[in-house]
Amino acid sequence: MQISELKDGTRNVSVEGMITKVGETRIVNLRAGGQAEVSDATLTDESGSITLTLWDRQIEQAKMGKHVSVNNGYTNSYRGKVRLNVGRFGSIEVS
């Protein structure tokens with residue numbers, strides 16, 4: 001699948017690309033209690049780019065300039081923009 005094909009609400013997303021931007025890490029409060037680190041990165045392939053939301057350990061994995069594969073991810077819309085999420089059942093691999 002290519003990034004340009006991703007639409008809001010897509011499940012079981014497998015996509016590859018290069019991390020071209022990594023935002024600041026911030027601490028958020030979780031609905032279930034506790035806190036987590038979150039950061040937004042930009043994942044780019046030859047068809048386009050999308051914001052990839054990274055949580056906790058994923059932030060250290062996905063560094064600027066790294067090629068990554070997202071498996072079993074999903075998309076949602078936040079503030080009018082489609083975003084890619086790895087989720088608890090998905091994975092991210094750095095090559």
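Analyst: Let's start with contact, which means heavy atoms within 4.5 Å. This is a predicted model, where local features need pLDDT of at least 70 and side-chain atom pairs count only at pLDDT 80 or more, while totals for chains, interfaces and linings use all residues. Residues are numbered from 1 along each chain as its sequence is written, and side-chain values use heavy atoms, with hydrogens and water left out.

Our spot is glutamate 37, which sits in strand E3 (a strand, E, is a DSSP run of at least two residues, numbered from the N terminus). With a relative accessible area of 36%, glutamate 37 counts as partly exposed, because that label covers values between buried (under 20%) and exposed (over 50%), found with a 1.4 Å probe on protein chains only. Skipping neighbours within four places in sequence, glutamate 37 touches Thr25, Arg26, Ile27, Leu54, Trp55, Asp56 and Ile59. Take Ile59: it is 22 residues along the chain from glutamate 37, yet their C-alpha atoms are 8.3 Å apart.

Now for Arg26 on that list. Arginine 26 stands opposite valine 38 in E3. E2 and E3 run antiparallel, joined by 4 bridges; two strands pair if DSSP finds at least two bridges between them. The two strands make a hairpin with 5 residues between them, and glycine 33 in the turn has a positive phi of about 100°.

Leu54 is another contact of glutamate 37, and it belongs to strand E4. Leucine 54 is at 0% relative accessibility, so it counts as buried. Again leaving out residues up to four places away, leucine 54 touches Glu37, Val38, Ser39, Ala41, Ile59, Ala62 and Ile92.

Beyond four places in sequence, the contacts of isoleucine 92 include Leu52, Leu54, Val68, Val70 and Val86. Ile92 also shows up, with Leu43, Leu52, Val70 and Leu84, among the residues that touch the most other members of the 17-residue largest nonpolar core. Such a core is a set of buried Ala, Val, Leu, Ile, Met, Phe, Trp, Tyr and Cys residues joined through side-chain atoms within 4.5 Å. Strand E1 (13-22), E3, E4 and E5 each supply at least two residues of this core. In soluble globular proteins, nonpolar side chains tend to be buried together.
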